[in-house]
Amino acid sequence: LAQEKIGQLTTMRAVWLATVASGKVWDLEIDGGAVPEASDSETQWANGAALNATLTKLQPNDILVIPNKTYHLMGGIQAAGLESVVFQLEGTLSFSTDTKNWPTKDGSRVHECFYLENVENVTFTSSGKGTFEGNGATWWGIPGVGYLERAENRPKLFEIANSRNILVENLLFHNSPYWTFWVHGVDGLEVRHTDIDVRRTTEDSHSVIDLTAFNTDGFDVTGKNVWIHDCNVWNQDDCIAVKDNAENMIFERINASGVGLTIGSIGGTTVRNITFRDCHMHHTYKGIYMKFRDSDQPGVIEDILYENIVIDEPSQWAIWMGPAQQSDSRSLCAAHPCSICWPTLPGAQCNAPVSGSYRNITLRNVVVNNPKTSPGVLLGNSSNPMQNVVFDGVKINNPGQKPWGDSFYKCDAIEGVAMGGTFPVPPCFKDANQVLV
């Protein structure tokens with residue numbers, strides 16, 4: 001994302017916000033009839049209906065205020081076509097734990113907690129830290145068993161589709177049942193000073209128990225002209241996931257711990273011009289993560305920069321480029337295309353899709369401290385090797401020995417070069433550390 005484009009979006013936002021005061025201020029409690037603090041089933045349904053009804057009344061330049069109280073409500077909040085409105089979330093929207101009576105789209109697939117589409121110039125803000133509470137533990141179920149029961153039929157906490165010029169600031173998204181923040185088909189998104197916290201325990205790591213909160217992605221985005229900055233993410237899946245058909249995005253000054261600063265999984269589409277920079281990953285599970293899933297159509301990940309990244313004591317791979325290592329069926333160790341049980345479980349497979357192309361990937365000034373395993377996996381397909389991959393100052397301090405021993409990386413089918421004091425050098429890279437210019 002060009003800095004000029006960021007400046008244009010910021011200027012447009014400032015001009016628009018200056019006009020908002022001319023609209024009506026709606027109070028969800030006073031004008032909408034919502035009841036705070038009560039959590040009985042009747043109140044949850046009534047509060048959900050009150051919010052949906054109020055959304056239909058919003059006109060350009062209106063402000064919807066959710067006071068600094070807790071409003072328990074049923075999911076299925078939906079609106080479309082909103083323009084130039086502000087959501088002032090001073091309190092908490094706490095979504096129901098009644099999974100059996102949750103509204104569905106077709107009698108089976110659940111509605112999302114909060115869903116907007118085709119909106120423009122919309123701001124979500126708070127003078128403190130407004131909260132979307134997902135109460136996800138009920139949806140995750142018993143560790144290791146809950147996924148077998150519900151799989152991925154769980155509501156996303158916050159979703160916006162096919163929209164323009166969105167600002168999200170000063171919010172907390174807590175314990176989402178499924179993906180936390182999913183904004184797709186967007187042109188112009190800024191997220192700042194907003195946190196995601198998803199965990200089963202209070203441990204300062206991602207334990208086996210915590211990781212059974214499957215699919216609780218952090219910031220998932222597609223579209224173009226996205227800037228997410230000065231945020232904190234602790235979750236049990238991708239911290240940030242740049243998904244299909246994405247371009248011109250910057251993610252910076254982010255503290256993230258989970259399953260990675262991620263591009264993917266990507267199928268038969270193109271992702272280009274993505275930058276992650278000035279990020280810190282404390283006790284994360286994965287670090288830098290780029291992945292293709294199986295597809296019968298060609299896909300491309302190109303013009304990617306990870307810069308000034310510090311990864312402290314990752315419990316799994318600090319750097320992964322290759323196939324998606326995931327479980328997306330009830331057969332948890334199936335290779336789709338790379339098994340989550342690989343390489344630990346004998347017989348588990350990890351296959352790099354031939355349709356996925358990596359081009360022009362740079363990791364610069366990346367420091368990994370005390371990884372618990374070997375530094376990483378760099379796995380291309382021999383019939384379609386990764387092209388122009390550069391490690392510039394990628395330094396692993398006290399690298400782990402398992403499972404790759406003195407090779408440090410699983411490295412195959414990459415046209416790569418290591419420079420700038422990179423250590424250790426991946427075995428399939430050209431070592432340019434000693435080249436004098």
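Student: Which residues are linked with Lys-105 in a network of salt bridges?
Tutor: Glu-112, Lys-156 and Glu-159 join Lys-105 in that network. Keep in mind that this is a predicted model.

Student: OK, and how many salt bridges does the count come to?
Tutor: The count comes to 19. One of them pairs Glu-29 with Lys-69, at 3.2 Å from N to O.

Student: Where do Glu-29 and Lys-69 lie?
Tutor: Glu-29 is in the loop between β1 and α2, and Lys-69 is in the loop between β2 and β3, so the bridge ties together parts that are 40 residues apart in sequence.

Student: What about Lys-291 and Asp-238, buried or exposed?
Tutor: Buried: Lys-291 has 5% relative accessibility, and Asp-238 has a relative accessible area of 2%. Their side chains form a salt bridge at 3.1 Å, N to O. Lys-291 belongs to strand β19, while Asp-238 sits in the loop between β15 and β16, 53 residues apart.

Student: Switching topic, which residues touch the most other members of the largest nonpolar core?
Tutor: Phe-87, Phe-251 and Ile-263, in a core of 96 residues. Strand β16 gives the most to this core, with seven residues.

Student: And what does Phe-87 touch, leaving out residues up to four places away in sequence?
Tutor: Its contacts include Leu-55, Leu-58, Leu-64, Phe-114, Val-122 and Phe-124.

Student: Which residues does the second, separate core include?
Tutor: That core has 14 residues, among them Leu-211, Tyr-289, Cys-341 and Ala-352.

Key. Residues numbered from 1 in each chain as written. Predicted model: local features only at pLDDT ≥ 70, side-chain atom pairs only at ≥ 80, totals over all residues. Heavy atoms only, no water. Core = buried A, V, L, I, M, F, W, Y, C linked by side-chain atoms within 4.5 Å. Buried < 20%, exposed > 50% of the residue type's maximum accessible area, 1.4 Å probe, protein only. Helix = DSSP H or I, 4+ residues; strand = E, 2+ residues; numbered from the N terminus. Contact = heavy atoms within 4.5 Å. Salt bridge = Lys/Arg side-chain N within 4 Å of Asp/Glu carboxyl O.
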